[in-house]
Amino acid sequence: MRWALVKVCLAVTTMVVVAFAVPLGLVVKEMARDRAFAGAEREAAAVAPALSITTDRDKLERVVASAGAGSGLAVHLPADGGRTALDLGHRRAADRDIEAVRRLGRASTATVPGGSALLQPVALGSTAIAVVEVYVPESAMTNGVGTAWAVLAAVGLALIVGSVAVADRLGVRMVRPAQRLAEGAHELGEGRLGARVREEGPTELRLAAVAFNSMADQVVQLLANERELAADLSHRLRTPLTVLRLNAASLGSGPAAEQTRAAVAQLEREVDTIIRTARDARPQTAAAGPGTGCDAAEVVRERMEFWSALAEDEGRKWRVAGADRPVRVPVARADLAAGLDALLGNVFRHTAEGTAFAVDVHNGEDAVIVLVSDAGPGIPDPEAAMARGRGSGSAGSTGLGLDIVRRLAESTGGDVRIGSSVLGGTEVRIWFQLDGRGPVGPGRRGAVRRRRTGRRAGKLVSTFNRSRSLP
């Protein structure tokens, strides 16, 4: 906007300067010409009284000589009474021009080498007419024109430079508030809820800043209300959880009782985490810093140990690969465990008893891949399954499990893909980026990064497919 305003002012000022400077330059040139011929007319008028008194050659020669050798004055006397025509001074005009002035009886100008000549008729009697010629050189007709044109050019250039400077200042005054508004919107979009914009600049931008600040205040208030609501709803779960914990304590000993008590304890911890997170006023949008994260292999082994009891009850074959050594990922332990529980829970919920499943972990140079696959019927529409809140339509399906996993992967710059597994069912591939690129952004750059991520994931996954099989 700033440079556009400067260009508009430059174009308008240039047109105005040209529109006025060119005619003024022509007027100055014409005035210099008129001034030169006015001086020539005065010289011719000074000779006219002498011609009206006498036509004696000697006296007229003295009059012409008194005008000065450099005056360019000449007198042309006509032939009269047997006398031949007489030319006094340096003649420059042609005979036809002189005869035309005698015939018409009025002054005229003629072009001669080096300038122009003013031809002024003077009556000597009733019929005889003398012609006074005054030479006007080209330098006299352009005297001062160059200086005047230089002054006009300097004034025009000063006007153009001044208008550009004023336009630039006006552009800055308009652009800076707009830039601050854009920066504030960007900060608010990144989760910095304290971003506000100074209400200054033109009226329209001030009104936009007021509207933006009001919107930001409303967003903060709405998020605070939602956090309080989430905390209140989570707090309501404490009572039924207390009953479950008391009932689980009375189950006695045994693997099933221990697993039930462990599940209730974990559920209580998750509810406490939800309440603390909901009441935390700081937005959780920052990427994990260096040194943060967890051991994905340990989390996989722990969650598979939890789900293995249910798998044995339902007669499911299962396998874990790549979890025998530490594999570091830049996500929180609780978040990774929740994501794995969501995927494994989908396997148990949406496949028949006896359906085999597997979890594979691969540690690459710049990424970690976790594959959760099963031998079930598969997912007919992976795109719809990834849509938040849609679910499969069956009882107990909220459509949030895969979305939780997707957001967890994208927080590291990775992604989630759904495809066909070597077991014949569904394969969910979770890609965790390790090079600290941050979340995948929207738009063309995000799409290009997702395509590159997909190609790298395909190369890494191909290393599994030759040897993956259930025992």
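Let me start with one arginine. R192 is partly exposed, at 44% relative accessibility. Its partner is E190, and the two side chains meet in a salt bridge, 2.3 Å from N to O. E190 is partly exposed too, with a relative accessible area of 38%. Keep in mind that this is a predicted model.

Why would such side chains pair at all? Side chains of opposite charge can do so when their charged atoms come close. The structure holds 16 salt bridges. I'll take two more.

Next pair: R333 and E302. Their side chains form a salt bridge at 2.5 Å, N to O. R333 lies in helix α10, residues 333-350, and E302 in helix α9, residues 296-313, so the pair ties together parts that are 31 residues apart in sequence. R333 is partly exposed, with 34% relative accessible area. E302 is partly exposed as well, at 35%. A network of salt bridges links E298, E302, R303, R333 and D341.

The cut-off for buried is under 20%.

Now the nonpolar side of things. In soluble globular proteins, nonpolar side chains tend to be buried together. In this model, the largest nonpolar core has 36 residues. Which of them have the most contacts inside it? They are V329, L336, V372, I430 and F432. Helices α9, α10, α11 (382-386) and α12 (401-410) each supply at least two residues. So do strands β9 (357-363), β10 (367-374), β11 and β12.

Look at I430 in detail. Leaving aside residues up to four places away in sequence, I430 touches L343, V368, I369, V370, V405, A409, D415 and V416. Note D415 on that list.

On to helix α3, residues 95-104. Which of its residues are buried? They are I98, V101 and R102. Seen down the axis of α3, these buried residues fall within an arc of 100°, so they line one face of the helix. The face turned away from that buried side carries the exposed residues R96 and R103. What covers the buried residues? The cover includes β1 (73-77), β3 (108-112), β4 (115-123) and β5 (129-137). Just after α3 comes G105, with a positive phi of about 80°.

Last stop, the surface. V8, V12, M15, V16, F20 and L24 form a nonpolar patch there. Together these six residues have about 580 Å² of accessible area. V8 sits in helix α1, residues 2-53. V8 counts as partly exposed because its relative accessibility is 48%, and the exposed class begins over 50%.

To recap, briefly. Salt bridges: 16 in the structure, with R333 and E302 both part of one network.

Technical notes:
Residues numbered from 1 in each chain as written. Predicted model: local features only at pLDDT ≥ 70, side-chain atom pairs only at ≥ 80, totals over all residues. Heavy atoms only, no water. Patch = residues over 30% accessible without salt bridge, like charges linked within 9 Å, V, L, I, M, F, W, Y side chains within 5 Å. Areas by Shrake-Rupley, 256 points an atom, 1.4 Å probe, with all protein chains shown as cover. Salt bridge = Lys/Arg side-chain N within 4 Å of Asp/Glu carboxyl O. Helix = DSSP H or I, 4+ residues; strand = E, 2+ residues; numbered from the N terminus. Buried < 20%, exposed > 50% of the residue type's maximum accessible area, 1.4 Å probe, protein only. Core = buried A, V, L, I, M, F, W, Y, C linked by side-chain atoms within 4.5 Å. Contact = heavy atoms within 4.5 Å. Arc of directions from axis to C-beta.
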